[in-house]
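Keep the selection tool at hand.

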Amino acid sequence: MENKPFVSIIMPAYNAEKTIVESIESVLRQTYINWELIVVNDGSKDSTSAVVLAINDERVRLIEQENGGVANARNNGLNNAKGEYIAFLDSDDLWVEEKLERQVTTLVGGNNKMCFAKTWCFGENLNQTTDCFVNVALDFEDRDKILIYDFIPILTVLIAKDVLEDVGYFDET
């Protein structure tokens with residue numbers, strides 16, 4: 001796909017056999033198709049690896065590691081990521097079909113290096129959702145608010161990889 005940025009999607013997974021197929025399918029349904037999905041199996045004791053290996057799509061890669069926690073798994077995924085942009089999706093979360101396309105379009109050609117979106121929460125009934133977005137007014141006179149209020153759902157983030165390389169990856173402590 002010429003002129004289309006390559007996106008690496010990092011998915012940490014721990015004992016995720018019951019939810020990971022739906023999460024991966026939400027990636028496979030993306031209207032934007034120039035991506036890789038890196039599933040990092042964080043020492044699962046169930047059949048998470050077998051479930052991922054059964055997915056028939058060459059864009060889906062599995063990395064096995066001993067249990068090191070979610071930050072460690074994300075960092076391992078980042079160390080193996082080939083994309084210009086990075087997205088995150090946990091193994092029990094879902095994306096809407098246009099998520100990547102809309103976000104890549106937002107970032108490409110602009111001055112921004114990161115964007116995020118609102119989320120919906122659902123319980124047992126997937127047809128009943130609630131708005132989970134926390135509204136925090138941010139102005140650039142008070143940039144520290146973004147550090148104080150952890151309001152950006154990681155599953156909505158798309159960020160240029162060079163930003164993460166500059167500021168560092170996830171704190172594993």
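This tour goes from the whole chain to the sheet, then to helices, cores and one lysine.

**Stop 1: the whole chain.** Remember that this is a predicted model. Select the protein chain and colour helices and strands. You will find six helices and eight strands. Follow the cartoon along the sequence, and the pattern reads β-α-β-α-β-α-β-α-β-β-β-α-β-α. Now show the surface. The chain exposes about 10300 Å², and carbon and sulfur atoms supply 48% of that area. Of the 173 residues, 41% are buried. Residues 24 or more positions apart make 74% of the contacts whose separation is 6 or more.

**Stop 2: the sheet.** Hide the surface and pick out the strands. In what order do the six strands of the open sheet lie? The order is β3-β2-β1-β4-β8-β5, and the pairing is mixed. The edges are β3 and β5 (114-115), each of which pairs on one side only. Next, select α3, residues 70-80. This helix packs on the sheet and touches β1, β2, β3 and β4. The direction of α3 makes about 140° with that of β2.

**Stop 3: strand β4.** Select β4, residues 85-88. Look at its two partners in turn. With β1, the pairing is parallel, over four bridges. With β8, the pairing is antiparallel, over three bridges. Zoom in on Ile 86. Ser 8 stands opposite this residue, and Ile 86 also stands opposite Ile 159 in β8. Tyr 85 has Ala 160 of β8 opposite.

**Stop 4: helix α1.** Select residues 20-28, which form α1. Show the side chains of Ile 20, Ser 23, Ile 24, Ser 26 and Val 27: these are the buried residues of α1. Turn the view to look down the helix axis. Why do these residues line one face of the helix? Their directions fall within an arc of 155°, so they line one face. Then look at what covers them: the cover includes β1, β2, α2 and β3 (60-65).

**Stop 5: the cores.** In soluble globular proteins, nonpolar side chains tend to be buried together. Here, the largest nonpolar core has 27 residues. Select Val 7, Ile 9, Ile 20, Ile 24, Val 39, Leu 100 and Leu 158, the residues with the most contacts inside this core. Elements that give two or more residues to the core include β2 (35-42), α2 (48-53) and α4 (99-107). β1 gives the most, with four residues. Centre on Ile 9. Among its contacts beyond four places in sequence are Val 27, Trp 35, Ala 87, Trp 95 and Leu 100. Now find a second, separate core of 13 residues, which includes Ile 38, Val 40, Phe 88 and Leu 164.

**Stop 6: a lysine.** Select Lys 161. Its place is in helix α6, residues 161-167. Is Lys 161 buried or exposed? Its relative accessible area is 12%, under the 20% cut-off, so Lys 161 counts as buried. Show what lies around Lys 161. Beyond four places in sequence, this lysine touches Leu 78, Ala 81, Gly 83, Glu 84, Tyr 85, Ile 86 and Tyr 169.

Technical notes
Residues are numbered from 1 along each chain as its sequence is written. This is a predicted model: local features need pLDDT of at least 70, side-chain atom pairs count only at pLDDT 80 or more; totals for chains, interfaces and linings use all residues. Side-chain values use heavy atoms; hydrogens and water are left out. A nonpolar core is a set of buried Ala, Val, Leu, Ile, Met, Phe, Trp, Tyr and Cys residues joined through side-chain atoms within 4.5 Å. Buried means under 20% relative accessible area, exposed over 50%, partly exposed in between (1.4 Å probe, protein chains only). Contact means heavy atoms within 4.5 Å. Accessible areas come from the Shrake-Rupley method with a 1.4 Å probe; for residues, only the protein chains shown count as cover. The arc is that of the directions from the helix axis to the C-beta atoms. Two strands pair if DSSP finds at least two bridges between them. Axes are lines fitted to C-alpha atoms, for helices over the stretch in contact, and angles run from 0 to 180 degrees between N-to-C directions.
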